[in-house]
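Keep the viewer open as you read.

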Amino acid sequence: MSLREKYLLICGNVRPEDDPKGSCGAKCPGLKALLKDELGRRGLHKRFRALESSCLDFCASGPTVCVMPDNVWYAGIRKEDIGEIIEIHLLGGKPVERLLNRQALRQTQGPEQGRGNAMAPTSSSVSLRKAKPGWTP
Ligand code: FES
């Protein structure tokens, strides 16, 4: 099995209702299954993989979805957003601007890269590519 072009990490963390942090899994249950099903329905499951993760540390702005290796983070994702993420980001190669989690962008890419292209390679992603010959994004 070869690596997929992109991996979508979908926070499915669920906390008790009274937890002030909130939880992505409670806000949009079944998001990972829906995304996985849609990728399969479109015949894209061999190019892209949807994975359910535990907390990705952006609980307040969740549901959180992170697309790797692009290092693009989305906030407040609803079931209705899935098609747009697939069409514009996965197939079109551009992040869905209206869904971007800009706080995550600043924290994961630093102030210089965070202001510009969300899909600009970070030093860590460049290092990963160098470390894994034959890996193509
Ligand atoms: S519960 Fe989803 S990011 Fe923390």
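Two residues are in contact here if their C-beta atoms, placed from the backbone, lie within 7 Å. By that definition, residues 24 or more positions apart account for 61% of the contacts in the chain with a separation of 6 or more. Please keep in mind that this is a predicted model, where local features need pLDDT of at least 70, side-chain atom pairs count only at pLDDT 80 or more, and totals for chains, interfaces and linings use all residues. Residues are numbered from 1 along each chain as its sequence is written.

**Overall pattern**

The chain holds 5 helices and 4 strands, and along the sequence they follow the pattern β-α-α-β-β-β-α-α-α. Helices (H or I, at least four residues) and strands (E, at least two) are DSSP runs, numbered from the N terminus. A residue is buried if 20 or more other C-beta atoms lie within 10 Å of its own, exposed if 12 or fewer, and partly exposed in between, with C-beta atoms placed from the backbone. Of the 137 residues, 25% are buried.

**The sheet**

The 4 strands form an open sheet in the order S2-S1-S3-S4, with mixed pairing; two strands pair if DSSP finds at least two bridges between them. S2 and S4 are the edge strands, each pairing on one side only. On average, neighbouring strands of this sheet are turned by 20° against each other, direction ignored. S3 and S4 run antiparallel and are joined by 3 bridges; cysteine 66 has tryptophan 73 in S4 as its bridge partner. H2 packs on the sheet, touching S1 and S2, and its direction makes about 170° with that of S2. Axes are lines fitted to C-alpha atoms, for helices over the stretch in contact, and angles run from 0 to 180 degrees between N-to-C directions.

**The core and H2**

A nonpolar core is a set of buried Ala, Val, Leu, Ile, Met, Phe, Trp, Tyr and Cys residues joined through C-beta atoms within 7 Å. The largest one has 20 residues, of which Leu8, Ile10, Leu35, Val65, Trp73 and Tyr74 touch the most other members. Strand S1 (6–11), helix H2 (31–41), strand S2 (48–53), strand S3 (65–68) and strand S4 (72–74) each give two or more residues to this core. Leaving aside neighbours within four places in sequence, leucine 8 is in contact with Leu35, Phe48, Ala50, Leu51, Val65 and Val67.

Which residues of H2 are buried? They are Leu31, Lys32, Leu35 and Leu39. These cover an arc of only 100° around the axis, which puts them on the same side of H2; the arc is that of the directions from the helix axis to the C-beta atoms. S1, S2 and helix H3 (82–91) are included in what covers them. Exposed Gly40 and Arg41 sit on the face of H2 turned away from its buried side.

Most residues other than glycine have a negative phi, and most peptide bonds are trans. Some exceptions are listed here.

| Site | Feature | Loop |
|---|---|---|
| Aspartate 57 | positive phi, about 75° | between S2 and S3 |
| Glycine 62 to proline 63 | cis, omega about 0° | proline 63 between S2 and S3 |
| Methionine 68 to proline 69 | cis, omega near 10° | proline 69 between S3 and S4 |
| Asparagine 71 | positive phi, about 60° | between S3 and S4 |

Aspartate 57 is partly exposed, with 13 other C-beta atoms within 10 Å, whereas asparagine 71 has 20 such neighbours and counts as buried.
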